[in-house]
Amino acid sequence: LTLLGNACRRLAWLQDGERERLEALVNMGGYLGQAVALAGGCDPQRYPHWVGARLLAARIDPSRGGAWEDGIADECRRMADLAAARNAEGPNLRDAVAEADNLVAQLLTQADADPAQGDAVIERYRAALRRGASPREVAAVQEGLDFLVALGAYLPGPIAAVIANVRAAL
């Protein structure tokens, strides 16, 4: 399910037409949502990507928004805290990156952002990557941010700018 979700992310990235991009984002969200559900709804590694897919789809087609968005920022924070706790118990790159990814997802829920929020995310990513990430692992983190930068036109301007700054810093 994660692989299918990631394939749909790449497809959404490549699409020129809004209808096709929306379809790919909806599919991405569907697959990643299933993966999160299989983990009992508590999956800080996949959750932020599900949030990104759903929020971007809702920005393209507002009818895709709704009650599911209520409390999503708080849930992103909870997932970031869970990833941090898991990483503290057994240090690993995936949970360290998941903490930062969930903070990025939390940014996506906002209409405005303070650049200091981006600085905090940059520090979390840098701390995770400096612990010994391989070039492939670094590229995977960068690719996730590149996707959001590429679709930044669907985000509020201040949020798109903070995410672009985060990506540029890595």
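These legends describe views of one predicted model.

**View 1. The overall fold holds 8 helices and 0 strands.** Along the sequence, the pattern reads α-α-α-α-α-α-α-α. The radius of gyration, taken over C-alpha atoms, is 15 Å, close to the 15 Å of the globule rule for 170 residues, so the chain is as compact as a globular protein of that length. That rule is 2.2 Å times the number of residues to the power 0.38. Helices are DSSP runs (H or I, at least four residues) and strands are E runs of at least two, numbered from the N terminus. The C-alpha atoms fill a box of roughly 40 × 35 × 30 Å along the principal axes.

**View 2. The largest nonpolar core has 47 residues.** Such a core joins buried Ala, Val, Leu, Ile, Met, Phe, Trp, Tyr and Cys residues through side-chain atoms within 4.5 Å. Buried means under 20% relative accessible area (1.4 Å probe, protein chains only). Leu25, Val51 and Phe147 are among the residues with the most contacts inside the core. Elements giving two or more residues include α1 (2-14), α4 (72-89) and α8 (157-169).

**View 3. Tyr47 and its contacts.** Tyr47 is one of the core residues with the most contacts inside it. Contact means heavy atoms within 4.5 Å. Beyond residues up to four places away in sequence, Tyr47 touches Val36, Ile72, Glu75, Cys76, Met79 and Asn102.

**Notes.** Residues are numbered from 1 along each chain as its sequence is written, and side-chain values use heavy atoms, without hydrogens and water. Local features need pLDDT of at least 70 and side-chain atom pairs count only at pLDDT 80 or more, while totals for chains, interfaces and linings use all residues.

Technical notes. Buried means under 20% relative accessible area, exposed over 50%, partly exposed in between (1.4 Å probe, protein chains only).
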